Amino acid sequence: MVHSFCSSALLSLPGSSPDTSSPWDIAGAAVWGSGTHSSQECAGTGTRHSLVRARSTTRALPQGQFALPLTSSKENLSWAGLVDGVVLGADTRATEGMVVADKNCSKIHFISPNIYCCGAGTAADTEMTTQLISSNLELHSLSTGRLPRVVTANRMLKQMLFRYQGYIGAALVLGGVDVTGPHLYSIHPHGSTDKLPYVTMGSGSLAAMAVFEDKYKPDMEEEEAKQLVRDAIAAGIYNDLGSGSNIDICVISKSKLDFLRPYDVANRKGDRFGRYKCEKGTTAVLTENVAHLELEVVDETVQTMDTS
Amino acid sequence: MNSRGAASLLKDSISFTDVSAAGLFEGHDLLRRGFTSVKNELLPSHPLELTEKNFQLNQDKTNFATLRNIQGIHAPLKLQMEFRAVKQVQRLPFLHSSNMSMDILRGNDECIGFEDILNDPSQSEVMGEPHMMMEHKLGLL
C-alpha cells in the first residue's frame, strides 16, 4: 500500500516596486540587482550556485511502502536588488506503515542546477521519476543549448505520470528559476498539475497550508520566507504522524542556490544525563544456597563432522 | 477487425503462444514464465499491460493522424516510407540491432525511458540458436 504523505508549500511573492509592472502578479520576476539580464544559457555557470548538497546515502529501503510525509515549498520574490526565487522545504521522515523507515531521508531531489523537486508518495517512485526527468532534461538542454525551463520539467513529468495512470505514486512539487523567472508547480500522481504561488503536498499538507494561509503575504524577504516555510513544515512535523525529524530547505534564486540540510532539527532526541546501568553489587546478597545437580550420562554418540 | 494499417498490429489480448514449451517433454517453463493460469494467458494481468504494449503504436497512430490533418497525406506517407527503409538495416537475426536510425527518426535518441533501463534487449540473457536462425532467414530450413 502506498501512502502518499507529503506536503509542500510554495509561496510566490511578487515584487513591491511600484514603478515596474510585473507580467505575473503572483510571480513577478525581478531582474537581479544589476540591470543587465545575463541569459545564462550555457551550462558553465556553476559558479553562481553556492551548492551545498549533502546527499544522504541512507536510502536503502527495499520495500515499496514509503510515505514521504511533508514537503513544503515557497517562492520568494522581490524587486530591486532583493532575492527573487523559490524556497522549497521538506521534512525528513520516511515511514513504512506505522514504523519510521528512514529518520533522515532527503526529499528534495535534483532536477537541474536551477530546478529542484520535492517528492512525496512512494520513495522509489519519486526517486526514479525525478532521476529520469533529470536525465531527459539534461539531454534536452544539451540539444537546445539553453538552460532548462521549469515548465519543460513540468510537462515531461505530467505526461509521464498520466501515461501510467496514477500507478506511479509520485506527488511532486517542482520549483525553480529559469530565464522567464521563478515558477512553482505541484504535480499529482495521476498527472494533473497546478501552478500556484504556494502549495503543500502530503499528509502534513493541511497543517502546513494552515500556516501558509495565515502568514503568507506577498513581497517577503528571503529570511522571512525561509522562516515561514520552516514554520509550516514544523506544523506538519508536530501535528502529523507521517512527518517528522528535520527540516530541509532549498532556496533557488537567479544568482544562487542554497541547499540547507538540515535547516532545522525540529525533533531532537533526548540527551541522556548519565549512565543508567547497575553495577555489580548494587543489589546486596542476603543469603546464598548452592544445590548440586546430579547428572548421569544416558547415551553417547560420535558423529564425524566434515571440516574440510 | 481492421486489417489495414497500424490498427491491425494492435494487441487486444495476450497471445497464448507466448507460453511456449522449452524442451521435448516440458510443457511450461516455470522458472521463466511463472505459474500457469488460463486467466493470465487470455486477460491482461495488469490494467496497464495492454496500453503499454501498444504505446508506441498508439503514439505513431496519433502523430500520423495529426500530420495527415495538418499537412496532407504525403507527410505521414513519407515518414512511414522512411521508417520502413530504416527498419531493413538489421544485423544477423540472432544479434541485437541497435536501430539507431529508427531512434533518430522517432526522436528517441534524445530521450531516456524505462525501456532503456529495464528489459534492455541488448542485455538479454537468452539468445536464439545462431545456425538455426540463419538457416530460417535464408530459407534453408
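# A tour of chains A and B

Select Arg275(A): at 62% relative accessibility, Arg275(A) counts as exposed. Exposed means over 50% relative accessible area, buried means under 20%, and partly exposed lies in between (1.4 Å probe, protein chains only). A salt bridge here is a side-chain nitrogen of Lys or Arg within 4 Å of a carboxyl oxygen of Asp or Glu.

This is a predicted model, where local features need pLDDT of at least 70 and side-chain atom pairs count only at pLDDT 80 or more, while totals for chains, interfaces and linings use all residues. Residues are numbered from 1 along each chain as its sequence is written, chains are lettered from A and ligands numbered from 1 in the order in which they are written, and side-chain values use heavy atoms, leaving out hydrogens and water.

A search of the whole structure finds 14 salt bridges over all chains. Select Asp231(A) and Lys215(A) next; their side chains meet in a salt bridge (3.8 Å, N to O). Asp231(A) lies in helix α4 of chain A and Lys215(A) in helix α3 (residues 205–215), so the pair ties together parts that are 16 residues apart in sequence. Helices (H or I, at least four residues) and strands (E, at least two) are DSSP runs, numbered from the N terminus. Asp231(A) is partly exposed at 21% relative accessibility. Lys215(A) is partly exposed too, at 43%.

Go on to Asp248(A) and Arg261(A), whose side chains meet at 2.7 Å, N to O, in a salt bridge. Asp248(A) sits in strand β11 of chain A and Arg261(A) in strand β12 (residues 257–265), 13 residues apart. Buried or exposed? Asp248(A) is buried, with a relative accessible area of 1%. Arg261(A) is buried, at 17%.

Then pick Glu222(A), Glu223(A), Lys226(A), Lys256(A) and Asp258(A): a network of salt bridges links them.

Select residues 85–91 of chain A. This is strand β2, and seven of its seven residues are buried. β2(A) and β11(A) run antiparallel, joined by seven bridges. Two strands pair if DSSP finds at least two bridges between them. Zoom in on Leu88(A), which stands opposite Cys250(A) in β11(A).

Move to Ser245(A), in the loop between α4 (222–239) and β11 (246–253) of chain A. Ser245(A) is buried, with a relative accessible area of 12%. What does its side chain reach? The side chain of Ser245(A) reaches the backbone oxygen of Lys103(A) at 2.8 Å. Show the residues that Ser245(A) touches, among them Thr92(A), Ile237(A) and Asn267(A), not counting residues up to four places away in sequence. Contact means heavy atoms within 4.5 Å.

**Chain B**

Switch to chain B. Its secondary structure comes to eight helices and zero strands. Buried residues make up 10% of its 141 residues. The accessible surface of chain B comes to about 11,500 Å², of which 57% belongs to carbon and sulfur atoms. Areas come from the Shrake-Rupley method with a 1.4 Å probe; for residues, only the protein chains shown count as cover.

End at Leu43(B), in the loop between α2 (38–42) and α3 (49–53) of chain B. Leu43(B) is partly exposed, with a relative accessible area of 47%.

Conventions:
A polar contact is a pair of N or O atoms within 3.5 Å; within protein, one must be able to donate a hydrogen and the other to accept it, and residues adjacent in sequence count only if both atoms are side-chain atoms.
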